[in-house]
Amino acid sequence: MRRRGTTAGSTGALLVLCAGCVLLGPAVAPAQAAEVSYATHCVPPAGIDPVDGTTKVEITAPATAKVGDTVDIGWKFVQAASKNPDIIDLPANSVQPSGVLKAAGAQTADVALRGPRENPAIPKGAAMVLSDMKGTLKLTAAGEVTLTPDAYTVNAMSTDTKCTPKETVQKAATIQVTAGGGGTSSATPTHSVTPTGSATPTHTATATPTATGGTGQTDFTGKEVQVPYACKTPIGDKSATSPVQINARKSGGSYALTVQFKKSVMDSPAEIPKDSVKPSMEVVLGGADKGTVHVEGPTNASPVKAGDPIEIPDLTGTYKPGASGSSTLSPGVLTVKALGTTTTCTPKKTEVSLTLDTTGQPGGAAGGTSTSGGSSASGGSAGAAATGDDGGLAETGASDHGALKALGLVAGTAILLGGAVFTFLPGRRTRR
């Protein structure tokens, strides 16, 4: 009886072990992880010196797979090549990495990877803490596929630091690909690298509306035009295109103008205090009339939380015609003041948004320009100048680049509104 008990116990144990073996047998090949390091050259935003350092990354991928499989690839930053410059403290969840991994061997492809905007607060001069990046690769050929890390970009507070290898990088992982249910498509990343520069709006412009005189019409709706801007910011030059529309309402011999940025804006990567952003524009007159009309918007009425959308409000002002005939109105120079910094965006080309049949008024535009910052420009009367809600006129022109140092006082908020102010103009939803 004792022997039979022992035998039964042993058999039970073997069955358990064998069951475990059966469960483990058909499992997917375990992922491999390998760390590589390479000399890297990093180029921060304008005004900050380039940095040479060492990047250390750990790449994970399955050791074996079949043709037709889509495999997950991971990129973990053990060490970034550059530190946070001694300018500002980066707040939590303000840094996002993206990069490219090279696949070679049986299959050649560039695999795009991206990490979430997740990081602890990073003090000035401290090591950058970057989130893990992920991507996928669809395997299209049997054989050995090697994976090698390449260039990457660190987006912090809407500014980019681009890092590229200075030497040949060693492969970090190898996938042995066997014949399977294959396909022919190329690498398919889970995430595509999103540019931080200009966006291309999808709105379609209609024909230029023309006001008809003598019909009693008082409201005139302009067409939406795509305006390519070149912006001078406290930390460098930026370019972007934004949809803008100019509308008018006639009152006596003058017109109340409303300039709209037709789309909402990007999400804010940092807290923006109340009453800290002030936009204005010089509307350009053409046709029968000449000069500019100053329009401006109110400051932000409430704080903007990190992650919430930012909007440029309607800009308003008064146009007093200085000539009779067909006069055109086009978007002009945009100025955004924020927390002691000034960003000035000049159109690379102009396009008419609204045409009005005007009747010249005493003291009207007719070649004049609006006042700016309390001083009147020459070239005719300043009848086209329009005051904002507070009766004052915002300054135009970029502040000097010494403002970069002042950014440290506002913990990156000014970088959002100075260094990349125009990246937030095209956005998600259309304003009615």
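Which residue does Lys124 meet in a salt bridge? Asp89, side chain to side chain, at 3.6 Å, N to O.

First, the ground rules. This is a predicted model, so local features need pLDDT of at least 70, side-chain atom pairs count only at pLDDT 80 or more, and totals for chains, interfaces and linings use all residues. Residues are numbered from 1 along each chain as its sequence is written, and side-chain values use heavy atoms, with hydrogens and water left out.

Salt bridges, then. The term means a side-chain nitrogen of Lys or Arg within 4 Å of a carboxyl oxygen of Asp or Glu. The structure holds 7 of them. Back to Lys124 and Asp89. Lys124 sits in the loop between strand 6 (109-114) and strand 7 (133-138), and Asp89 in the loop between strand 4 (70-79) and strand 5 (95-105), so this pair ties together parts 35 residues apart in sequence. Strands here are DSSP runs (E, at least two residues), numbered from the N terminus. The cut-offs: buried is under 20% relative accessible area, exposed is over 50%, and partly exposed is in between, with a 1.4 Å probe and protein chains only.

Next pair: Asp219 and Arg249. Their side chains meet at 2.7 Å, N to O. Asp219 belongs to strand 11 (residues 219-233) and Arg249 to strand 12 (residues 236-251), 30 residues apart. Asp219 is partly exposed at 39%. Arg249 is exposed at 52%.

Strand 11 also gives us Lys223. This residue forms a salt bridge with Glu351, the closest N and O atoms being 3.1 Å apart. Glu351 lies in the loop between strand 19 (341-347) and strand 20 (354-358), so the pair joins parts that are 128 residues apart in sequence. Lys223 is buried, at 11% relative accessible area. Glu351 is partly exposed, at 32%.

Now the interior. A nonpolar core is a set of buried Ala, Val, Leu, Ile, Met, Phe, Trp, Tyr and Cys residues joined through side-chain atoms within 4.5 Å. The largest one has 40 residues. Which residues have the most contacts inside it? Ile73, Trp75, Leu137, Leu147 and Tyr152. Strands that each supply at least two residues of this core include strand 1 (31-43), strand 2 (51-62) and strand 10 (173-178). The largest share, 5 residues, comes from strand 8.

Take Ile73 as an example. Contact means heavy atoms within 4.5 Å. Leaving aside neighbours within four places in sequence, the contacts of Ile73 include Ile59, Leu101, Val111, Leu113, Leu137 and Leu147. There is also a second, separate core of 31 residues, and Ile272, Val277, Val295 and Cys345 are among them.

Last item: backbone angles. Most residues other than glycine have a negative phi. Asn93 has a positive phi, near 55°. Asn93 sits in the loop between strand 4 and strand 5, and is partly exposed at 42%. Asp275 also has a positive phi, near 55°. Look for Asp275 in the loop between strand 13 (254-261) and strand 14 (277-287). Asp275 is partly exposed, at 47% relative accessibility.

That's my tour.

Technical notes. Helices (H or I, at least four residues) and strands (E, at least two) are DSSP runs, numbered from the N terminus.
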